Amino acid sequence: MIRTQRLAAGVCALLAALTAGIAFPAGAMADETTATAPKVNLVLDVSGSMRTKDMDGGTRMAAAKQAFNEVLDATPENVLLGIRTLGANYPGDDQKTGCKDTAQLYPVGPLDRTEAKTAVATLAPTGWTPIGPALLKAADDLEGGTGSKRIVLISDGEDTCAPLDPCEVAREIAAKGIGLTIDTLGLVPNVKMRQQLSCIAEATGGTYTSVEHTDELTDRVNQLVDRAADPVVTPVATEGAASCAAAPTLKSGLYTDREEFGQERWYKVAVEPGQELRASVSVSADRAMNPDYGVLLRAVTVHGREIVRGEAAGNGRTDVISTGLRYPKAEDDDDDAPAETVCVQVTNSYSAAAGVKTTPGMPLELTVDVVDGPSQASDVASFGLGRGWWLLGVLVLAGFLAGVLWGWVSRLRIAVWRTN
């Protein structure tokens, strides 16, 4: 009897050990997945002004709740999502107390859609608009992990907790270097609110969107949550040269550089026979500029012959100007044919306004992609419009014959009708 009990105990211990051995790696894998998962914190203004009825006949709060319900349904499984409120709990007149009114309604983590929707349903417009304090807390909510981090702030008014400037708070968050982006959405905005929310977004490389309809709010929040789930590409710093001969050789990737006013920057790319070079460049106007500006992107041979170019120009205010190009390298029957060195030149025609510093140069972002060239069979141009006019001729002839046939049938039907 004792031996039987000992045997049973040994079998149970073995099964427990095997279970623990199997479960531990799975748990470790789950923890690793969570550590690299993208995080999003939705920060919602629940101040008293959200009672205003000016969004599709309903209140701003109702529009926000509807948008949140649809966004929660569409949130990707791999996104860790949380919801923070501001102005949701304190209805009084004491500013000091009102400016502490921010709380995490739903913690950042794996999403339980039913629980999150239930939490949102309890919200009612209440108090102040402490945007600055809410952003500081929202940044703390996203600490830890190596995945992308994004705050989506939805508000219908400017901050009411001066002197804590939300724009300075956003700059402080950006200075931490934790890769956190703040996107802002303004519900039925006025000029002052638009300026404040734009400043918050720009400080962290985010976007500002003005929203006046419920479906716009839903679509935009969905876009931002989906964007958080996209792989994060970190640009590689490079330094272009003043000539092609001294230029750095780049592979496919995203690069950053700085270019002074009226300056040329050169880069080299190796393109094998049968490959296609695709390049694009964006130059940011990060300071006051004079009107009439442009950016030129050229691909030339090492001997200086232009192969292809892309250019963009503007006149007036701009934040960024972009252009691109494509260069297919023809196939070669020789399997040992060498790659062609293509020189890529970036030139700008910006000029600084009076009193504006010209150094350091303007931020430049260059994308280089070398891919297999399109095959003859799959090339849209091979259908004829790009390689001749025969297809257009066939279409014209087919249309003419169809018209003649239809006219003949119509006349025949009329003749039969008259006879009857």
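Burial first: I call a residue buried under 20% relative accessible area, exposed over 50% and partly exposed in between, with a 1.4 Å probe and protein chains only. On that scale 40% of the 420 residues of the protein count as buried.

Ground rules, before I go on. This is a predicted model, in which local features need pLDDT of at least 70 and side-chain atom pairs count only at pLDDT 80 or more, while totals for chains, interfaces and linings use all residues. Residues are numbered from 1 along each chain as its sequence is written, and side-chain values use heavy atoms, with hydrogens and water left out.

**Overall**

I counted nine helices and 17 strands; these are DSSP runs numbered from the N terminus, helices being H or I of at least four residues and strands E of at least two. For contacts I took heavy atoms within 4.5 Å. Among contacts between residues at least 6 apart in sequence, 74% join residues at least 24 apart. I also looked up the surface: the protein exposes about 23,000 Å², and carbon and sulfur atoms supply 56% of that. Those areas come from the Shrake-Rupley method with a 1.4 Å probe, and for residues only the protein chains shown count as cover.

**The sheet**

In what order do the five strands of the open sheet run? I read S9-S10-S17-S12-S15, with mixed pairing. Strands S9 (236-237) and S15 (320-328) are at the edges with a single partner strand each, so one side of each has no neighbour in the sheet. My pairing rule is that DSSP finds at least two bridges between two strands. S12 (residues 275-284) and S15 make nine bridges in the antiparallel sense. I found alanine 279 opposite leucine 325 in S15.

**Aromatics**

I use ring centres within 6.5 Å for Phe, Tyr and Trp (its six-membered ring), with planes under 30 degrees apart called stacked, over 60 edge-to-face and the rest tilted. The structure holds one such pair. Tyrosine 293 and tyrosine 350 are stacked, at 5.2 Å centre to centre and 5 degrees between the planes. The pair ties distant parts of the chain together, 57 residues apart: tyrosine 293 belongs to strand S13 (residues 293-300), and tyrosine 350 to the loop between strand S16 (340-348) and strand S17 (362-372). I checked burial too, and both tyrosine 293 and tyrosine 350 are buried.

**Salt bridges**

My search of the whole structure gave 14 of them, each being a side-chain nitrogen of Lys or Arg within 4 Å of a carboxyl oxygen of Asp or Glu.

- Arginine 60 meets aspartate 156 at 2.8 Å, N to O. They sit 96 residues apart, arginine 60 in helix H2 (residues 60-74) and aspartate 156 in the loop between S6 and helix H6 (166-175). Arginine 60 and aspartate 156 are both buried.
- Aspartate 141 bridges to arginine 84, with the closest N and O atoms 2.7 Å apart. This one links helix H5 (residues 131-141) to strand S4 (residues 80-86), 57 residues apart.
- Glutamate 306 and arginine 309 come to 2.9 Å between the closest N and O atoms. I noted glutamate 306 as partly exposed at 31%, and arginine 309 likewise at 40%. Both belong to a network of salt bridges that links Arg298, Glu306, Arg309 and Glu311.

**A buried arginine**

I then looked up arginine 150, which is in strand S6 (residues 149-155). Its relative accessible area is 12%, so I filed arginine 150 as buried. Leaving aside neighbours within four places in sequence, its contacts include Lys39, Asn41, Asp183 and Arg227.

Most residues other than glycine have a negative phi. Aspartate 56 has a positive phi of about 55 degrees, and I placed it in the loop between strand S2 (53-55) and strand S3 (58-59). Aspartate 292 has a positive phi of about 65 degrees. Aspartate 292 lies in the loop between S12 and S13 and counts as exposed at 53% relative accessibility.

**Surface patch**

Last entry: Leu397, Phe400, Leu401 and Val404 make a nonpolar surface patch of about 410 Å². Patches take residues with over 30% relative accessible area and no salt bridge, joining like charges within 9 Å and nonpolar side chains (Val, Leu, Ile, Met, Phe, Trp, Tyr) within 5 Å. Phenylalanine 400 is in helix H9 (residues 390-419), and I have it as exposed because its relative accessibility is 54%.
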